[in-house]
Amino acid sequence: MATTVRIIGAPMDYGADRRGVDMGPSAIRYAEVADRLSDAGVTAVDDGDLSIPRAEERDPNTDEPIEGTAKFLREVEDVCTRLEERVAETLADGEFPLVLGGDHSVAIGSMRGSAREADLGAIWFDAHADLNTPATSPSGNVHGMPLAATLGRGAFGDLSWARAPRVREESIAYVGLRSIDERERELVRDSEMTAYTMADIDERGMTAVVEDALDVATDGTDGVHVSLDLDWVDPKTAPGVGTPVRGGVTYREAHAALETVSERHATEEIVRSMDVVEVNPILDEGNETATIAAELTASAFGNRIL
């Protein structure tokens, strides 16, 4: 990675039903993410948080998509547009953008900023596919739509602030899927993305799966965005998330995954940006999930627990 990591907080919870994820950036900072990055040999510079009004002060239905439902769409646009600028500026300054969410809809801004001057691949560490559109989403929550938005699917095709033209389906790889809506399952199957489920990890092992996912994300691209949703980890290990799903990755598997990313980057310099999302301190136990988020982030930058 770049020797300087700029930490950008995006404490947004417009994209989720359960409150509290807006405190995720503070919780991850409290878990000493900057010190852990220093232990990994990089300089961490905290750029503070984007200013985001409370959801209670806004109407979730002010802007409606041309079809379906997407709550707080105007607010998500505002935050992601400002985040895109911060990420792009960070890269232009020769630093690495590390975005701390907030809900997963912040990835729209992260990826647009990272893809502004580069063809971008992505590794999506997540229990969920995040490929719903406003027309297919059962909830209307945008944190289940960031990949659909980035790819310009459905109603997002008319929203220039959401689409990232230099992100192609065939350069996106999921790692660890285990909870997908029925209609969304069809979208994944019909797409050109590569999906590795928990069954693939059980059968082949984490390192082999992540190596293959990196091959997908680096093929024909200028760099890779790493998106880490903490509900990817089993809720017995990481309870502080809004949408927990049993059967997730173990603590050690999670570290092995991020270590594999780091090892590939050490030889090929492939990773361009990263976001860490969906830590909800209200639902956590002793800030355990935020601590795991900080540890995994450090592993992505070369730190090792052994």
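Two residues are taken to be in contact where heavy atoms of one lie within 4.5 Å of heavy atoms of the other. On this basis, and in a model that is predicted, His128 is in contact with Tyr174, Leu177, Ser179, Asp231, Thr243 and Val245, when its neighbours within four places in sequence are left aside. His128 is placed in the loop between strand 4 (120-125) and helix 5 (146-150). Its relative accessibility is 16%, and because a residue under 20% is classed as buried, His128 counts as buried.

His128 also belongs to a set of annotated positions. According to UniProt, in an unreviewed entry, the annotation "binding site" covers His104, His128, Asp130, Asp229 and Asp231. These residues span 128 residues in sequence, yet no two of their C-alpha atoms are more than 12.4 Å apart, so they gather at one spot. The lining of the largest pocket includes His104, His128, Asp130, Asp229 and Asp231.

Within this set, Asp229 is located in strand 7 (residues 223-229), and with a relative accessibility of 2% it counts as buried. Apart from neighbours within four places in sequence, Asp229 is in contact with His104, Phe125, Asp126, Val277 and Glu278. Asp126 is found in the loop between strand 4 and helix 5, and it is buried, with a relative accessible area of 0%.

Attention then turns to the packing of helices. Two packed helices are described by the angle between their axes and the distance between the axes. For helix 3 (residues 73-92) and helix 4 (residues 107-114), the angle is about 35° and the axes are 7 Å apart, and the crossing of the two helices is right-handed. On the side of helix 3, the contact is made by Val76, Cys80, Leu83, Glu84, Val87, Ala88 and Leu91, which meet Ile108, Gly109, Ser110, Arg112, Gly113 and Ser114 in helix 4. The residues of this contact divide into seven nonpolar, four polar and two charged. Helix 4 is mostly covered, since eight of its eight residues are buried; these buried residues include Arg112, together with Ala107 and Met111.

Several features of the backbone were also noted. Most residues other than glycine have a negative phi, and most peptide bonds are trans. The peptide bond from Gly101 to Gly102, by contrast, is cis, with omega near 20°, and Gly102 lies in the loop between strand 3 (96-101) and helix 4. Glu32, although it is not a glycine, has a positive phi of about 65°; it is found in the loop between helix 1 (24-30) and helix 2 (33-39), where it is partly exposed, with a relative accessible area of 44%. A positive phi, near 60°, is found as well for Asn287, which is a residue other than glycine. Asn287 lies in the loop between strand 8 (271-277) and helix 10 (288-300), and at 17% relative accessibility it counts as buried.

Strand 8 also contains Met274, which is buried, with a relative accessible area of 1%. Not counting residues up to four places away in sequence, Met274 touches Phe96, Pro97, Leu98, Val99, His225, Val226, Leu228, Leu258, Thr297, Ala300 and Phe301. Met274 and Thr197 are 77 residues apart in sequence, and their C-alpha atoms are 21 Å apart in space.

A further loop residue, Asp17, is located between strand 1 (4-10) and helix 1. Asp17 is exposed, with a relative accessible area of 51%, and its contacts, leaving aside neighbours within four places in sequence, are with Lys71 and Asn141. From C-alpha to C-alpha, Asp17 and Leu120 are 30 Å apart in space, while in sequence they are 103 residues apart.

Key: Residues are numbered from 1 along each chain as its sequence is written. This is a predicted model: local features need pLDDT of at least 70, side-chain atom pairs count only at pLDDT 80 or more; totals for chains, interfaces and linings use all residues. Side-chain values use heavy atoms; hydrogens and water are left out. Axes are lines fitted to C-alpha atoms, for helices over the stretch in contact, and angles run from 0 to 180 degrees between N-to-C directions. Helices (H or I, at least four residues) and strands (E, at least two) are DSSP runs, numbered from the N terminus. A crossing is left-handed if the near helix is turned anticlockwise from the far one by less than a right angle, and right-handed if clockwise. Ala, Val, Leu, Ile, Met, Phe, Trp, Tyr, Cys and Pro count as nonpolar, Asp, Glu, Lys and Arg as charged, and the others, Gly among them, as polar. UniProt positions are given in the numbering used here, feature names are shortened, and annotations may be inferred rather than shown by experiment. On a 1 Å grid over the protein atoms alone, a cavity is a set of points where a 1.4 Å probe fits but cannot get out, and a pocket is an open set with protein on both sides within 12 Å along at least five of seven lines; lining residues have an atom within 4 Å of a point. Buried means under 20% relative accessible area, exposed over 50%, partly exposed in between (1.4 Å probe, protein chains only).
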